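Visitor: I would like to learn how to read a structure like this one. Could you take me through a few features in turn?

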Amino acid sequence: MALACPRCGTQNPDGNLYCQACGAPLAAAAAAPPAMAGPPPGTPPPGPPAGLPPPAAGPTGYQSPYYAPTGPEVQVHRTPWTLIIAGVVALLVLMAGCGTALAIIGNRNPSNTSGGGIADLPSPTPAGGTPSPVASPTATPLGATTDSNDGVTVKVPAGWTVASKDNESIILTDPNSEGSVTLASGPSSPTQTAQQNKDTIDGYFKSKYPDTRNCAGSTTSNGTFNGAPGISWTLCFTLTSGANSIQAAASLFVGANSSGNVYYIVMLVTRQDNLQNYLTESKPVLQSVHWKLS
Amino acid sequence: MRENHLGFPSYISLILRAVRCDHCANDVPDGVFCTRCGAHQGKTAEPAAAKARVNRYAAHPAEHVVQPSIFTTLFPHLGHTKIHEFRWAFAVGLAGILVLYIAGLITAAILVAIFLVPVLYLIYLYEAQVYRDEPAIVLGFTIGGGAVIGIVVTVIERIVYNPYQGIGNPLHGAGIGVGALLFLGLLVPVVQEVLKPLPALFLPNRADFPETVDGLVFGIAAGLGFSVAESLVAFSSALTSLPAHLTPGNWIYDLTTLAVFQPLLQGSATGMVVAAVWRYRRGRLASREIGGVAVAVIAHVAFALGTQLFKDAQLSPLFVLVWQAVVVGAVLIYVRYLLHHALLEEAAHMGFAETVCPNCHMHIVASGFCPNCGGALTAAPAALKRARKPRAEAPTKART
């Protein structure tokens, strides 16, 4: 039968005279057989011989049955519990102050996310126009190559690289790795409207990045992108990946064909304060997009 | 003063009877535990393998070895009472992070989360005085060295890896390419596990700290220094550009990883690698130690790879936290297993002395283990070790 310590509640094996966790005497131990314990049950710890100072009681006031110390009591702990808690509270207060100050200082320059989105760059046409997913004719930049998959063809300007590619999507990065441009198109099953695709994308970002929201000053608008009808909008979020945690902005366009069985995505991601510059820098890429599916 | 056959003053003979340990056959003072080998001397409530005592973790005998307890594993010098104080302090810190999160002060919450465990560890190092008389060298090399390596490694990682391309096609949930997955989930953890222990391994005065528990603590300190630097560099952009107040969103998941699982993983994995090397230096390299290094590396890879994969698969963030908790719990258990056996072996070689048990605070005459609670005395704080009053060796004749 286990013996519960009256002081700390630790369950002690049968036969223990003293709690193995805190050293407090176990009330029921007096009835236990004395074979496994130090002192005989009920025997008070002996005092020191004449001429020696009386033994010091332990920190909790009881007397060790194993040894009666004769010298000065050894200090078991150095740090009072109040100091430990105070250390953590001080950390909280200090870091809360530093964090707030950092945030205030860091936000003196507002992020540059307002203004036009992706759909404003190529040759936007008003909503309600006839969908014609055919690329606007653009001049090929010097040194550019062309890349394509089942859904899209795009010009890759000199210095830009194809970071990844599969049947439906192509991801391009700029020469300075300041962001990425994702182009994707493929069949939708089941069929999805542009609005449903937008809702899916919003859910994706919100589940993946902690604070996804529409960027301040940005608008959501209907239009076409190189012939594909859809919706454009801008999301702001903290992009956490690997050793990076970036205040990022994604300028998005998502569309669907009239029957909803084909989707179109254009996504441009960069730092929030760099979005407008990056849109301009990506203009040759965006204007060269040619959707293959209609 | 006349001494008895144990070498103690005669009046002590009234309470110090000698018995012969059933397990190591040494003559030791009567007690619940053998002070030489740590085996339980009782006949009930104890399995046959009393000497291995897996249900009595050497640093804290009230706990089983297979128990993923944070504080009794990573703060092995703390006694029963002190452990609770550190647990409360940790709870206060976590509550503070929660309050900051709810208040929308995410920048502040990130900072507290990054520093909470390392600050507690600094207080622990002060409490246990593991560094003895050389705090500057030990802390500088372990925590400081870990932090420097953390900055270098993380900055290089940021240069090499472009996070923008990892978003992929949001309609198909294809978040990350295989190359990026291997880089973040395999290469980076392995490189980190190779580099993090270096500050502790090259500690100039390491010969003054021969015990495995010292190596473990130094390794944990280096790992926590690394963790602080890694998190600060990784979140530097967020720290300097997040608004002072914003909608909390699901930041709580990242904050939990930052405050709990990230530092615990980095600290315990590095501690285990350093402890294994410490054992090797003592000529004790066996499958247990090699397994420790392997577990540290595999656990770190599993942590990083799993986190990345589950996030990309758009599983619930709660599932990611559960995965991280499982991995960290497994590492903690292996750390306990390694430390438990190291303490059992190393404490067996200590001489008899008057001392105070760091766990139950009982005044005892013992060699390696407290005869009352069975705690290994090699895991005692430096102040207690200094105050040991060596006595003559074990008795020559046992009580029958």
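**Reading confidence, a helix and a core**

Guide: Let us begin with confidence, since this is a predicted model: chain B averages a pLDDT of 87, and 90% of the residues score at least 70.

Visitor: Which elements of chain B have the lowest and the highest mean pLDDT?

Guide: Strand β5 (residues 389-390) of chain B has the lowest, 78, while helix α7 (residues 212-234) of chain B has the highest, 96. Over residues 1-15 of chain B the pLDDT is below 50, although this stretch has 33 contacts in the model beyond near neighbours in sequence.

Visitor: What should helix α5 of chain B span, at 1.5 Å a residue?

Guide: Its 18 residues (178-195) should span 26 Å, and because the end C-alpha atoms are 24 Å apart, the two values agree.

Visitor: Which residues of α5(B) are buried, and against what do they pack?

Guide: In an α-helix there are 3.6 residues a turn, so residues three or four places apart point the same way. In α5(B) the buried residues include B:A180, B:L184, B:V188 and B:Q192, and the buried residues of this helix pack against α4 (135-160), α9 (251-281) and α10 (287-312) of chain B.

Visitor: Which members of the largest nonpolar core touch the most other members?

Guide: Of its 135 residues, these are B:A109, B:I110, B:V112, B:M272 and B:V331. The largest share of this core, 18 residues, comes from helix α3 (residues 106-128) of chain B.

Definitions and conventions. Residues are numbered from 1 along each chain as its sequence is written. Chains are lettered from A and ligands numbered from 1 in the order in which they are written. This is a predicted model: local features need pLDDT of at least 70, side-chain atom pairs count only at pLDDT 80 or more; totals for chains, interfaces and linings use all residues. Helices (H or I, at least four residues) and strands (E, at least two) are DSSP runs, numbered from the N terminus. The expected span of a helix is 1.5 Å times one less than its number of residues. A residue is buried if 20 or more other C-beta atoms lie within 10 Å of its own, exposed if 12 or fewer, and partly exposed in between; C-beta atoms are placed from the backbone. Two residues are in contact if their C-beta atoms, placed from the backbone, lie within 7 Å. A nonpolar core is a set of buried Ala, Val, Leu, Ile, Met, Phe, Trp, Tyr and Cys residues joined through C-beta atoms within 7 Å. pLDDT is the predictor's confidence in each residue, from 0 to 100.
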